[in-house]
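Please keep the sequence and the model in view while reading.

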Amino acid sequence: MGEEISNKQILLKDYVNGFPKESDMELKISSMKLKVPEDSNTVLVKNLYLSCDPYMRPRMKKTEGSYTDSFTPGSPIVGFGVAKVVDSAHPKFKKDELVWGITGWEEYSVIKAPETLFKIHNTDVPLSYYTGILGMPGITAYGGFYELCSPKKGETVYVSAASGAVGQLVGQFAKLVGCYVVGSAGSEEKVELLKNKFGFDEAFNYKEEQDLSAALKRYFPDGIDIYFENVGGKMLDAVLLNMRIHGRIAVCGMISQYNLEQNEGVHNLFCLISKRLRMQGFLAVDYFPLYKKFVEMVTPHIKEGKVKYVEDIAEGIESAPGALVGLFSGRNVGKQVVLVARE
(Lines give C-alpha, C1' and ligand atoms only; values in the text may rest on other atoms or scores of the structure.)
Protein backbone atom coordinates (compact mmCIF):
# COMPACT_ATOMS: atom_id res chain seq x y z
CA MET A 1 0.00 0.00 0.00
CA GLY A 2 3.01 2.32 -0.02
CA GLU A 3 5.19 3.88 2.63
CA GLU A 4 3.44 6.15 5.13
CA ILE A 5 5.08 9.55 5.64
CA SER A 6 4.37 12.80 7.48
CA ASN A 7 3.15 15.71 5.39
CA LYS A 8 3.51 19.35 6.47
CA GLN A 9 0.60 21.49 5.24
CA ILE A 10 -0.29 25.20 5.31
CA LEU A 11 -3.99 25.61 6.09
CA LEU A 12 -6.23 28.68 5.91
CA LYS A 13 -7.80 29.02 9.36
CA ASP A 14 -10.82 31.10 8.30
CA TYR A 15 -11.90 33.65 5.72
CA VAL A 16 -9.87 36.86 5.88
CA ASN A 17 -11.14 40.44 5.89
CA GLY A 18 -8.77 43.36 5.49
CA PHE A 19 -5.02 42.92 5.36
CA PRO A 20 -3.98 39.23 5.66
CA LYS A 21 -1.68 38.14 8.50
CA GLU A 22 0.59 35.15 8.92
CA SER A 23 -1.65 34.08 11.81
CA ASP A 24 -4.53 33.63 9.32
CA MET A 25 -2.71 30.47 8.27
CA GLU A 26 -1.37 27.57 10.30
CA LEU A 27 1.08 24.70 9.89
CA LYS A 28 -0.37 21.22 10.33
CA ILE A 29 1.40 17.87 10.10
CA SER A 30 -0.69 15.03 8.70
CA SER A 31 0.23 11.59 7.39
CA MET A 32 -0.30 9.96 4.01
CA LYS A 33 0.78 6.98 1.95
CA LEU A 34 3.17 7.42 -0.98
CA LYS A 35 0.80 5.51 -3.25
CA VAL A 36 -2.39 6.30 -5.17
CA PRO A 37 -5.10 3.72 -6.00
CA GLU A 38 -4.47 2.12 -9.39
CA ASP A 39 -7.91 2.96 -10.79
CA SER A 40 -8.02 6.55 -9.47
CA ASN A 41 -6.48 8.39 -12.46
CA THR A 42 -4.71 10.60 -9.91
CA VAL A 43 -1.06 11.60 -9.49
CA LEU A 44 0.92 11.92 -6.26
CA VAL A 45 3.59 14.62 -6.36
CA LYS A 46 6.36 15.89 -4.12
CA ASN A 47 6.18 19.68 -4.16
CA LEU A 48 9.50 21.43 -4.81
CA TYR A 49 8.51 25.09 -5.24
CA LEU A 50 5.32 26.98 -4.40
CA SER A 51 4.29 30.23 -6.06
CA CYS A 52 3.00 33.25 -4.11
CA ASP A 53 0.73 35.33 -6.34
CA PRO A 54 -1.52 38.38 -5.75
CA TYR A 55 -4.60 36.61 -7.18
CA MET A 56 -4.52 34.34 -4.12
CA ARG A 57 -5.64 37.18 -1.83
CA PRO A 58 -9.27 37.30 -3.10
CA ARG A 59 -9.43 33.53 -2.62
CA MET A 60 -8.81 34.04 1.12
CA LYS A 61 -12.24 35.65 1.55
CA LYS A 62 -15.68 34.27 0.85
CA THR A 63 -16.62 35.40 -2.64
CA GLU A 64 -19.38 34.54 -5.07
CA GLY A 65 -19.34 34.97 -8.81
CA SER A 66 -15.54 35.18 -8.97
CA TYR A 67 -13.50 33.48 -11.70
CA THR A 68 -11.94 31.23 -9.07
CA ASP A 69 -13.29 29.56 -5.94
CA SER A 70 -12.52 30.70 -2.43
CA PHE A 71 -10.06 28.63 -0.43
CA THR A 72 -11.69 26.23 2.03
CA PRO A 73 -11.01 27.09 5.69
CA GLY A 74 -9.35 24.19 7.48
CA SER A 75 -7.88 22.86 4.22
CA PRO A 76 -4.51 23.42 2.55
CA ILE A 77 -4.12 26.56 0.48
CA VAL A 78 -3.72 25.78 -3.23
CA GLY A 79 -1.74 27.56 -5.92
CA PHE A 80 0.76 27.11 -8.68
CA GLY A 81 3.88 25.10 -8.00
CA VAL A 82 6.62 22.88 -9.37
CA ALA A 83 6.60 19.22 -8.37
CA LYS A 84 8.03 15.77 -9.02
CA VAL A 85 5.80 12.77 -9.66
CA VAL A 86 6.13 10.17 -6.88
CA ASP A 87 3.36 7.80 -8.02
CA SER A 88 0.88 7.89 -10.88
CA ALA A 89 -2.34 6.14 -11.82
CA HIS A 90 -2.70 8.39 -14.88
CA PRO A 91 -1.45 7.07 -18.24
CA LYS A 92 0.19 10.36 -19.24
CA PHE A 93 2.37 10.75 -16.15
CA LYS A 94 5.24 8.60 -14.92
CA LYS A 95 7.25 8.43 -11.71
CA ASP A 96 10.07 11.02 -11.45
CA GLU A 97 8.65 13.32 -14.17
CA LEU A 98 8.73 17.04 -13.36
CA VAL A 99 5.54 19.09 -13.69
CA TRP A 100 4.12 22.53 -12.94
CA GLY A 101 0.54 23.58 -12.30
CA ILE A 102 -1.99 23.81 -9.47
CA THR A 103 -0.97 21.95 -6.33
CA GLY A 104 -1.46 22.12 -2.57
CA TRP A 105 0.57 24.12 -0.06
CA GLU A 106 2.02 20.96 1.45
CA GLU A 107 5.03 18.71 1.02
CA TYR A 108 3.07 16.07 -0.92
CA SER A 109 -0.15 16.48 -2.90
CA VAL A 110 -2.58 14.16 -4.65
CA ILE A 111 -3.55 15.82 -7.92
CA LYS A 112 -7.09 14.75 -8.81
CA ALA A 113 -7.12 16.48 -12.22
CA PRO A 114 -3.58 15.83 -13.52
CA GLU A 115 -4.59 16.78 -17.07
CA THR A 116 -4.25 20.41 -15.89
CA LEU A 117 -0.52 19.91 -15.21
CA PHE A 118 2.24 20.91 -17.64
CA LYS A 119 5.22 18.61 -18.05
CA ILE A 120 8.65 20.20 -17.66
CA HIS A 121 10.96 19.18 -20.51
CA ASN A 122 13.69 21.82 -20.32
CA THR A 123 15.80 21.63 -17.16
CA ASP A 124 18.60 23.87 -18.47
CA VAL A 125 17.05 26.71 -16.45
CA PRO A 126 16.29 26.84 -12.71
CA LEU A 127 13.19 24.75 -11.88
CA SER A 128 11.83 27.70 -9.90
CA TYR A 129 11.40 29.53 -13.24
CA TYR A 130 8.34 27.33 -13.82
CA THR A 131 6.58 29.25 -11.02
CA GLY A 132 7.41 32.48 -12.86
CA ILE A 133 8.91 33.31 -16.22
CA LEU A 134 8.15 29.83 -17.66
CA GLY A 135 4.95 29.36 -15.68
CA MET A 136 1.70 31.22 -15.04
CA PRO A 137 3.23 34.74 -14.74
CA GLY A 138 5.14 34.23 -17.98
CA ILE A 139 2.14 33.21 -20.05
CA THR A 140 0.18 36.03 -18.38
CA ALA A 141 2.73 38.62 -19.52
CA TYR A 142 2.97 37.08 -22.99
CA GLY A 143 -0.77 36.79 -23.60
CA GLY A 144 -1.71 40.14 -22.09
CA PHE A 145 0.99 42.09 -23.90
CA TYR A 146 1.48 40.43 -27.29
CA GLU A 147 -1.94 38.92 -27.92
CA LEU A 148 -4.23 41.47 -26.28
CA CYS A 149 -2.31 44.72 -26.81
CA SER A 150 -0.78 44.03 -30.26
CA PRO A 151 2.25 46.28 -29.65
CA LYS A 152 4.07 48.08 -32.45
CA LYS A 153 7.62 49.37 -32.60
CA GLY A 154 7.90 52.96 -31.32
CA GLU A 155 4.78 52.85 -29.14
CA THR A 156 4.80 54.06 -25.52
CA VAL A 157 4.16 51.49 -22.78
CA TYR A 158 3.48 51.96 -19.08
CA VAL A 159 3.61 49.07 -16.59
CA SER A 160 2.44 49.41 -12.97
CA ALA A 161 3.75 47.05 -10.25
CA ALA A 162 6.56 46.68 -12.75
CA SER A 163 9.08 44.80 -10.62
CA GLY A 164 6.68 41.97 -9.83
CA ALA A 165 6.45 38.52 -11.38
CA VAL A 166 4.49 39.71 -14.44
CA GLY A 167 5.49 43.37 -14.72
CA GLN A 168 9.23 42.74 -15.06
CA LEU A 169 8.50 40.51 -18.08
CA VAL A 170 6.04 42.87 -19.77
CA GLY A 171 8.62 45.66 -19.71
CA GLN A 172 11.30 43.45 -21.24
CA PHE A 173 8.91 42.12 -23.89
CA ALA A 174 8.05 45.71 -24.78
CA LYS A 175 11.75 46.52 -25.23
CA LEU A 176 12.13 43.48 -27.52
CA VAL A 177 9.40 44.98 -29.72
CA GLY A 178 11.13 48.39 -29.74
CA CYS A 179 8.77 50.32 -27.48
CA TYR A 180 9.51 53.15 -25.04
CA VAL A 181 8.81 51.67 -21.59
CA VAL A 182 8.25 53.24 -18.17
CA GLY A 183 7.47 51.29 -15.01
CA SER A 184 6.44 52.19 -11.48
CA ALA A 185 7.27 50.41 -8.25
CA GLY A 186 7.17 51.07 -4.51
CA SER A 187 10.82 51.54 -3.52
CA GLU A 188 14.05 53.07 -4.82
CA GLU A 189 15.62 49.59 -4.88
CA LYS A 190 12.90 48.38 -7.23
CA VAL A 191 13.13 51.51 -9.41
CA GLU A 192 16.86 50.91 -9.88
CA LEU A 193 16.15 47.27 -10.70
CA LEU A 194 13.72 48.29 -13.43
CA LYS A 195 16.22 50.62 -15.09
CA ASN A 196 19.50 48.78 -14.54
CA LYS A 197 18.48 45.10 -14.63
CA PHE A 198 15.37 44.96 -16.81
CA GLY A 199 16.20 47.77 -19.23
CA PHE A 200 13.17 50.01 -18.73
CA ASP A 201 13.73 53.45 -20.28
CA GLU A 202 12.47 55.15 -17.12
CA ALA A 203 10.95 54.19 -13.78
CA PHE A 204 9.56 55.99 -10.74
CA ASN A 205 8.52 55.34 -7.14
CA TYR A 206 4.76 55.94 -7.06
CA LYS A 207 4.86 56.42 -3.27
CA GLU A 208 6.87 59.62 -3.75
CA GLU A 209 4.43 61.17 -6.23
CA GLN A 210 1.78 63.53 -4.85
CA ASP A 211 0.03 63.72 -8.24
CA LEU A 212 0.12 60.48 -10.27
CA SER A 213 -1.37 62.11 -13.36
CA ALA A 214 1.35 64.79 -13.34
CA ALA A 215 4.01 62.09 -12.90
CA LEU A 216 2.71 60.20 -15.93
CA LYS A 217 2.58 63.42 -17.95
CA ARG A 218 6.25 63.97 -17.08
CA TYR A 219 7.28 60.58 -18.48
CA PHE A 220 4.73 60.47 -21.31
CA PRO A 221 4.34 64.05 -22.60
CA ASP A 222 2.60 62.72 -25.74
CA GLY A 223 0.54 60.09 -23.93
CA ILE A 224 0.50 56.33 -23.37
CA ASP A 225 -0.29 53.82 -26.13
CA ILE A 226 -0.35 50.69 -23.95
CA TYR A 227 -0.98 50.36 -20.23
CA PHE A 228 -0.44 47.01 -18.53
CA GLU A 229 -2.65 47.29 -15.47
CA ASN A 230 -1.65 45.54 -12.25
CA VAL A 231 -2.78 48.07 -9.64
CA GLY A 232 -6.22 49.65 -10.22
CA GLY A 233 -7.73 52.44 -8.10
CA LYS A 234 -6.09 55.86 -8.21
CA MET A 235 -3.39 54.61 -10.60
CA LEU A 236 -5.95 53.54 -13.20
CA ASP A 237 -7.74 56.89 -12.86
CA ALA A 238 -4.49 58.76 -13.52
CA VAL A 239 -3.58 56.57 -16.49
CA LEU A 240 -6.95 57.08 -18.20
CA LEU A 241 -6.26 60.83 -18.33
CA ASN A 242 -2.89 60.18 -19.99
CA MET A 243 -3.82 57.58 -22.60
CA ARG A 244 -3.46 58.38 -26.30
CA ILE A 245 -6.30 58.00 -28.77
CA HIS A 246 -6.87 54.32 -29.66
CA GLY A 247 -4.74 53.22 -26.71
CA ARG A 248 -5.03 49.74 -25.23
CA ILE A 249 -5.27 48.74 -21.57
CA ALA A 250 -4.67 45.11 -20.55
CA VAL A 251 -6.25 44.58 -17.14
CA CYS A 252 -4.19 41.88 -15.45
CA GLY A 253 -4.75 42.68 -11.77
CA MET A 254 -5.74 45.35 -9.24
CA ILE A 255 -3.57 44.69 -6.21
CA SER A 256 -4.42 48.04 -4.59
CA GLN A 257 -8.01 46.81 -4.10
CA TYR A 258 -7.53 43.29 -2.75
CA ASN A 259 -7.36 44.17 0.95
CA LEU A 260 -10.09 46.82 0.95
CA GLU A 261 -13.49 46.19 2.50
CA GLN A 262 -15.00 48.55 -0.10
CA ASN A 263 -13.33 48.87 -3.50
CA GLU A 264 -12.42 52.36 -4.73
CA GLY A 265 -14.38 53.83 -7.60
CA VAL A 266 -12.82 54.87 -10.93
CA HIS A 267 -13.84 58.36 -12.03
CA ASN A 268 -12.30 58.90 -15.47
CA LEU A 269 -14.00 56.14 -17.45
CA PHE A 270 -15.37 58.71 -19.91
CA CYS A 271 -11.86 58.67 -21.39
CA LEU A 272 -12.72 55.24 -22.82
CA ILE A 273 -15.18 57.07 -25.08
CA SER A 274 -13.36 60.32 -25.78
CA LYS A 275 -10.03 58.62 -26.49
CA ARG A 276 -11.59 55.53 -28.16
CA LEU A 277 -9.69 53.24 -25.81
CA ARG A 278 -9.86 49.47 -25.60
CA MET A 279 -9.69 48.18 -22.03
CA GLN A 280 -9.93 44.43 -21.55
CA GLY A 281 -9.51 42.04 -18.66
CA PHE A 282 -8.02 38.59 -19.11
CA LEU A 283 -6.87 35.50 -17.25
CA ALA A 284 -3.69 33.46 -17.66
CA VAL A 285 -5.77 30.38 -18.52
CA ASP A 286 -7.07 32.21 -21.62
CA TYR A 287 -3.59 31.82 -23.09
CA PHE A 288 -2.61 28.37 -21.80
CA PRO A 289 -3.25 26.95 -25.30
CA LEU A 290 -0.37 29.19 -26.49
CA TYR A 291 2.05 27.87 -23.87
CA LYS A 292 4.22 25.91 -26.31
CA LYS A 293 4.48 28.94 -28.63
CA PHE A 294 5.37 31.14 -25.67
CA VAL A 295 8.12 28.81 -24.41
CA GLU A 296 9.65 28.58 -27.89
CA MET A 297 9.73 32.39 -28.04
CA VAL A 298 11.09 33.17 -24.58
CA THR A 299 13.56 30.33 -23.91
CA PRO A 300 16.21 31.53 -26.40
CA HIS A 301 15.93 35.05 -24.96
CA ILE A 302 16.53 33.68 -21.45
CA LYS A 303 19.56 31.68 -22.54
CA GLU A 304 21.00 34.65 -24.45
CA GLY A 305 20.46 36.96 -21.47
CA LYS A 306 18.05 39.21 -23.40
CA VAL A 307 15.28 38.52 -20.89
CA LYS A 308 16.26 38.50 -17.22
CA TYR A 309 14.26 37.32 -14.23
CA VAL A 310 14.59 38.15 -10.54
CA GLU A 311 13.22 35.87 -7.85
CA ASP A 312 12.77 36.30 -4.11
CA ILE A 313 13.03 32.78 -2.66
CA ALA A 314 11.87 31.93 0.86
CA GLU A 315 13.16 28.60 2.19
CA GLY A 316 10.99 25.96 3.84
CA ILE A 317 7.23 25.46 3.73
CA GLU A 318 7.05 27.11 7.18
CA SER A 319 8.03 30.40 5.51
CA ALA A 320 5.10 30.30 3.04
CA PRO A 321 2.56 32.35 5.09
CA GLY A 322 5.04 35.19 5.61
CA ALA A 323 6.06 35.12 1.95
CA LEU A 324 2.45 35.38 0.78
CA VAL A 325 1.52 38.17 3.22
CA GLY A 326 4.68 40.08 2.22
CA LEU A 327 3.36 40.49 -1.33
CA PHE A 328 0.79 43.00 -0.14
CA SER A 329 3.28 45.26 1.63
CA GLY A 330 5.77 45.08 -1.26
CA ARG A 331 8.33 43.25 0.87
CA ASN A 332 9.40 40.95 -1.96
CA VAL A 333 11.83 42.01 -4.69
CA GLY A 334 10.92 40.10 -7.84
CA LYS A 335 8.90 36.91 -8.13
CA GLN A 336 8.04 35.47 -4.69
CA VAL A 337 8.74 31.74 -4.51
CA VAL A 338 8.84 29.25 -1.63
CA LEU A 339 11.43 26.46 -1.81
CA VAL A 340 9.79 23.39 -0.22
CA ALA A 341 12.32 20.69 -1.18
CA ARG A 342 15.23 20.18 -3.53
CA GLU A 343 14.77 17.66 -6.29
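This is a predicted model: local features need pLDDT of at least 70, side-chain atom pairs count only at pLDDT 80 or more; totals for chains, interfaces and linings use all residues.

The domain assignment of the protein chain gives two parts: domain 1, made of residues 4-132 + 310-339, and domain 2, made of residues 137-285. Between the C-alpha centres of domain 1 and domain 2 the distance is 29 Å. Contact across the boundary involves 20 residues of domain 1 and 16 residues of domain 2.

The size of an interface is often given as the accessible area lost when the parts come together. For domain 1 and domain 2 the buried area is about 1,400 Å², and carbon and sulfur atoms give 61% of that area. On the side of domain 1, G132, V310 and V333 lose the most area to domain 2, and together they account for 30% of what that side buries.

What kinds of residue form the side of domain 1 that touches domain 2? That side divides into nine nonpolar, seven polar and four charged residues. Across the interface of domain 1 and domain 2, five residue pairs are in polar contact, both residues being at pLDDT 80 or more.

## Helix α2

Helix α2 covers residues 167-177, and it is largely enclosed by the rest of the structure because eight of its 11 residues are buried. The buried residues of α2 are G167, Q168, L169, V170, G171, Q172, F173 and A174.

Against which elements do the buried residues of α2 pack? Their partners are the helices α1 (136-149) and α7 (291-303), together with the strands β8 (156-159), β9 (180-185), β11 (224-229) and β15 (335-339). Just after α2, G178 adopts a positive phi of about 100°.

N259 is placed in the loop between β12 (243-251) and α6 (271-274). Is N259 buried or exposed? The relative accessibility of N259 is 16%, so this residue counts as buried; the cut-off for buried is under 20%. The side chain of N259 is joined to that of R57 by a polar contact of 2.7 Å. Neighbours within four places in sequence left aside, N259 is in contact with G18, F19, P20, R57 and F328.

K84 belongs to strand β4, residues 78-88. With a relative accessibility of 18%, K84 therefore counts as buried as well. Apart from neighbours within four places in sequence, the residues in contact with K84 are L44, V45, K46, L48, D96, E97, L98 and E343.

N41 is a residue other than glycine, yet its phi has a positive value, near 60°. The loop between β2 (25-33) and β3 (43-51) holds N41. N41 counts as partly exposed because its relative accessibility is 39%.

A161 is likewise a residue other than glycine with a positive phi, in this case near 45°. Where does A161 lie? A161 is found in the loop between β8 and α2. The relative accessible area of A161 is 30%, so this residue is partly exposed.

Definitions and conventions. Residues are numbered from 1 along each chain as its sequence is written. Side-chain values use heavy atoms; hydrogens and water are left out. Helices (H or I, at least four residues) and strands (E, at least two) are DSSP runs, numbered from the N terminus. Buried means under 20% relative accessible area, exposed over 50%, partly exposed in between (1.4 Å probe, protein chains only). A polar contact is a pair of N or O atoms within 3.5 Å; within protein, one must be able to donate a hydrogen and the other to accept it, and residues adjacent in sequence count only if both atoms are side-chain atoms. Contact means heavy atoms within 4.5 Å. Domain bounds come from an automatic or database domain assignment. Buried area is the accessible area (1.4 Å probe) that two parts lose on being put together, summed over both. Ala, Val, Leu, Ile, Met, Phe, Trp, Tyr, Cys and Pro count as nonpolar, Asp, Glu, Lys and Arg as charged, and the others, Gly among them, as polar.
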